[in-house]
Amino acid sequence: MRTKNMPLVYIAAVLLSLFAVAPFIWMILTSIKPQAEIYSKPLSYLPNELNLQGYKSMLDVRADANLNFIQWFKNTAFVSLLTTVLSLVVSALGGYAMSRFRFRGRMTVGYVILLTQMLPGSLLIIPLYLIMKDYHLLNSYFGLVIAYATVAVPFCTWMLKGYFDSVSTAIDEAASIDGAGRWTTFVKVILPLTLPGLVVTAVFSFLTSWNEFMFAQTFITDYDKWTLSVGIASFQGQYVVNWDYLMAGSVLTTLPIVIAFWLLQKHLVSGMTAGAVK
Amino acid sequence: MNNQEASLKQPSLNQAPPAERRGFWRSELRRLKNNRAAYLFIAPLALVIGLVLLYPILKAALMSFQYWMVAKPIPEGHPFVGLDNYAAVLDSGYFLKSLGITFLYILVTVVLRFALGMAAAVLLNIPFKGRGLVRALVIIPWAIPEVVTCLVFILMYDYQYGVINDLLLKMNILSNPVAYLGESDTALWAAMFVNVWKGFPFAGIMLLAGLQGIPKSLYEAASIDGASGWRKFVSVTMPSLKPVSVIVFLLLVIWTIKDFGIVYVLTGGGPSRVTEILTIFIYRAGFKSFDFGLASAAGMFLLVISVVFTVLYMKATKAGESA
């Protein structure tokens with residue numbers, strides 16, 4: 001039955017792949033085309049000449065006063081990393097408690113976490129803005145980390161609880177018979193066992209922060225404190241759009257993520273499906 | 001669960017024989033000790049959730065009943081104004097329009113992402129040479145940052161130099177180029193297309209996981225009964241995939257309610273507010289008109305909508321567990 005339909009399967013596979021990658025390819029092609037070709041009529045699809053001016057300007061701090069790509073890259077990496085580390089600590093502790101202990105209010109915490117995970121950020125942004133204004137956290141990386149925690153903490157807790165659930169409680173009991181306390185069991189036994197889950201959760205949390213746009217664009221006003229999303233989105237509003245620059249910046253923003261996705265593909269997919277489908 | 005335990009144990013306090021009572025106290029003490037550890041583990045989480053999520057939500061709820069026109073401060077500060085903000089939201093005319101746009105946006109993009117995701121999942125479930133590569137390629141839209149996706153599409157949608165116009169003109173599908181994001185007839189659909197492109201891999205991968213969980217024996221049994229390929233899909237695949245489908249569907253809806261970045265970067269809600277989904281309405285009320293009260297009141301409507309779908313999701317996942 002399968003052999004009969006095989007040509008059809010290949011045609012569908014090619015069409016689907018083309019649909020998925022075409023914009024990605026177009027981004028790369030545009031980033032290495034000279035401007036004259038980007039604005040040519042008829043449109044030239046493949047670059048006739050190689051133009052790396054966009055990449056050069058992105059990676060050279062002094063090239064253009066209107067962009068500070070390296071700084072934005074560092075800012076984004078710093079904020080994403082800090083968000084991930086802090087959220088992971090809080091969520092691992094909380095997720096372990098949710099998975100292992102039966103305490104009053106456990107169900108309530110579970111519902112609150114699930115609910116908050118579904119909440120639109122645009123609902124939170126106004127009260128958060130005012131709170132941050134009161135505590136002088138606007139325009140600071142720490143304020144942005146707090147805003148990102150509203151997304152990362154519920155998400156990580158939910159994922160990690162799932163991973164802890166998949167470790168048998170018999171292991172906790174064995175550790176406790178050997179005289180290990182709750183804390184020792186958690187740090188020395190459970191965390192090493194769930195390391196793959198911790199990595200997947202960390203990567204997801206990092207990527208979400210890396211890609212975030214709304215909070216960063218609202219809370220950070222200083223141009224050299226911007227994140228990559230805000231920075232590259234700002235080019236687009238200018239009266240002259242240098243698409244080769246813009247696409248070079250886009251490629252450089254995307255590259256770390258696509259590489260991370262490909263390297264961790266199997267784990268990310270199983271982590272995501274386990275967390276949500278289970 | 002705890003309440004049950006407690007109510008079961010309390011009456012036994014008076015009637016239990018001494019030996020057992022000692023056992024009861026010991027277990028009670030152990031439970032307390034256990035619980036102390038539990039509360040220590042949960043404390044940072046509870047603190048964070050309380051401070052950065054519950055407190056802001058309650059603040060927003062409060063603000064929705066207060067005067068918060070930041071640009072027009074009054075000496076009283078932020079007095080309570082009853083339901084004025086809610087009345088203003090409903091009177092604004094744009095709110096109901098925005099609600100309609102939001103529902104259309106959710107309906108179209110969720111259905112299309114689901115359908116395309118299902119097609120991708122069915123395809124990737126068939127063993128063929130190069131399947132791993134196709135799967136890796138299909139994930140790409142999911143991996144590309146939202147803002148980057150929007151920028152690439154702005155370029156491709158361009159009226160003069162966009163590749164989409166160029167292709168459609170060459171194929172004689174169009175006779176004149178279209179400014180997809182600039183015309184009120186096409187802007188919303190163009191934004192929906194970007195959302196579908198970016199979002200279908202997630203649906204596809206979740207459904208693929210569901211497909212791979214269907215026991216092969218079911219298909220073999222159907223083959224023995226002489227079922228055709230399509231017949232197998234309808235009688236075996238679709239019913240087995242129902243629990244996962246419901247969950248994926250609800251997740252897509254819940255996430256689309258939250259959607260902001262794609263439409264905001266593509267169109268900013270324009271032209272003439274035809275792409276102003278609810279999240280953009282709230283954002284504009286807050287940070288363009290600086291009426292935080294109005295924005296918070298509109299936010300409460302959004303809150304109700306997401307809570308409804310979240311409760312449905314909770315019910316669906318519970319049902320999935322017991323099945």
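I began with the interface: 75 residues of chain B are in contact with 75 residues of chain A, where contact puts two C-beta atoms, placed from the backbone, within 7 Å. On the chain B side, helix H2 (residues 18-63) gives the largest share, 18 residues; helices here are DSSP runs of H or I, at least four residues, and strands runs of E, at least two, numbered from the N terminus. I then sorted the chain B side by residue type and found 59 nonpolar, twelve polar and four charged. For that sorting, Ala, Val, Leu, Ile, Met, Phe, Trp, Tyr, Cys and Pro are nonpolar, Asp, Glu, Lys and Arg are charged, and the others, Gly among them, are polar.

A note to myself: this is a predicted model, with pLDDT of at least 70 needed for local features and 80 or more for side-chain atom pairs, while totals for chains, interfaces and linings use all residues. Residues count from 1 along each chain as its sequence is written, and chains are lettered from A, ligands numbered from 1, in the order written.

Next I looked up A:Thr218, which sits in helix H11 (residues 214-219) of chain A. A:Thr218 counts as buried because it has 22 C-beta neighbours inside 10 Å; buried takes 20 or more, exposed 12 or fewer, and partly exposed lies in between. Beyond four places in sequence, its contacts are A:Ile125, A:Tyr129 and B:Phe287.

Last, I checked two spans of chain B that the unreviewed UniProt entry annotates as "transmembrane region", 244-266 and 292-314 among them; such annotations may be inferred rather than shown by experiment. Residues 244-266 are 91% helix, with end C-alpha atoms 32 Å apart. Residues 292-314 are 100% helix, and their end C-alpha atoms are 31 Å apart.
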